[in-house]
Amino acid sequence: MERNELYPVFLKVNALNTLIVGGGNVALEKLTFMLKSSPNAQITMVAPIFRPDIIALSEKHGIRIIEDVYDAKYLIGNHVVIATTDDIDVNVQVYYDCKERSILVNVADNPPYCDFYMGGIVTKGNVKIAISTNGQSPTTAKRLRQFFEDVIPDDVDQLVQNLNRYRDTLKGNFEEKVKQLNEVTKSLVSRKKIKTQL
Ligand SMILES: C[C@@]1(CC(=O)O)C2=NC(=C\c3[nH]c(c(CCC(=O)O)c3CC(=O)O)Cc3[nH]c(c(CC(=O)O)c3CCC(=O)O)/C=C3\N/C(=C\2)[C@@H](CCC(=O)O)[C@]3(C)CC(=O)O)/[C@H]1CCC(=O)O
Ligand SMILES: NC(=O)c1ccc[n+]([C@@H]2O[C@H](COP(=O)([O-])OP(=O)(O)OC[C@H]3O[C@@H](n4cnc5c(N)ncnc54)[C@H](O)[C@@H]3O)[C@@H](O)[C@H]2O)c1
């Protein structure tokens, strides 16, 4: 079996600066997914033309809109960049400009020009699961996202909060606490398999 060697991290995009280059359908899709997961993300967008729904979202979420063609000067101060224009040369230019500046870059829907992939995301309170198929099948990522949204109980956050409080009541050293936490949560895991044939 092939291995997915990507290393997942959970970025505090409310404290990092993200630039989205482009203002069309793909930009809207990436923006929507990002805001759904991280409504306070610090995002700037640059494009000569923006879809009206992007303008509306930008007003709601305090996103900075710059009406201009891409220029490397817009990379300054950004930690993460997503290129979504309909001009492949511009997207590739964004990629190389970011590489030169050690900025993490994603050219949407173009895996060879991505330092990272956007994933399917399930959020239930404090619990967040990110799903990647290593860029092989975004459709599978979407279906798995729907599956987990369905099977993970909406009140899973209760468990997190209760265990968080229980942990604070435990006495003893770290090893003993871990042992007790594992003991009380043993029964939570039961087997359920996903179908792999259509
Ligand atoms: C997860 C999700 C998050 C998001 O977009 O933020 C996401 N794509 C989603 C949906 C989706 N995208 C596409 C379809 C149509 C069917 C299909 O191709 O499967 C569907 C399904 C649908 O819409 O039903 C088109 C598509 N996407 C990529 C390519 C290029 C290629 O594969 O080579 C093409 C073909 C373009 C063409 O044909 O021209 C590439 C990427 N898409 C990724 C992420 C990254 C890899 C994720 C991973 O590792 O699995 C990666 C590598 C780059 C990136 O963008 O980061 C989001 C689901 C959100 C959700 O619903 O939860
Ligand atoms: N729409 C989809 O679902 C989809 C799916 C797969 C692939 N794609 C590909 O992704 C690309 C983008 O698609 P789209 O539907 O978002 O296109 P779009 O026409 O809706 O949007 C393109 C955006 O890029 C901006 N742009 C163009 N040149 C620019 C520049 N020099 N600097 C900054 N912004 C610039 C435009 O102003 C516009 O806002 C296309 O190449 C398309 O083939 C789209």
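Modeller: Before we start, two residues are in contact if their C-beta atoms, placed from the backbone, lie within 7 Å. This is a predicted model, where local features need pLDDT of at least 70, side-chain atom pairs count only at pLDDT 80 or more, and totals for chains, interfaces and linings use all residues. Residues are numbered from 1 along each chain as its sequence is written, while chains are lettered from A and ligands numbered from 1 in the order in which they are written.

Biologist: Okay, what is Ala83 in contact with, leaving aside its neighbours within four places in sequence?

Modeller: Val21, Gly22, Asn91, Val94, Tyr95, Val105, Val107 and Ala108. By that 7 Å cut-off, the C-beta atom of each lies within 7 Å of the one placed for Ala83.

Biologist: And what makes a set of residues a nonpolar core?

Modeller: They must be buried Ala, Val, Leu, Ile, Met, Phe, Trp, Tyr and Cys residues, joined through C-beta atoms within 7 Å. Buried means 20 or more other C-beta atoms within 10 Å of a residue's own, exposed means 12 or fewer, and partly exposed is in between, with C-beta atoms placed from the backbone. The largest such core here has 25 residues, and Ile20, Val21, Met45, Val81, Ala83 and Val94 touch the most other members. Elements that each supply at least two residues of this core include strand E1 (17-21), helix H1 (25-37) and helix H3 (88-100). Helices (H or I, at least four residues) and strands (E, at least two) are DSSP runs, numbered from the N terminus.

Biologist: Why is Leu28 called partly exposed?

Modeller: Leu28 has 19 C-beta neighbours inside 10 Å, so it counts as partly exposed. Buried would take 20 or more, and exposed 12 or fewer. Leu28 sits in helix H1 and touches Arg51, Asp53 and Ile54, not counting residues up to four places away in sequence.

Biologist: How do you know that ligand 1 lies between domain 1 and domain 2?

Modeller: Domain 1 (17-117) and domain 2 (119-152) both give residues to the shell around ligand 1, so it lies between them. The bounds come from an automatic or database domain assignment. Near means a C-beta atom, placed from the backbone, within 6 Å of the molecule. Of the 22 residues around ligand 1, Met118, Thr133, Gly135, Pro138 and Thr139 come nearest, and H4 gives the most, with five residues.

Biologist: Which residues come nearest to ligand 2?

Modeller: Of the 19 around ligand 2, they are Gly23, Gly24, Asn25, Val26 and Tyr70. Helix H1 gives the largest share of that shell, three residues.
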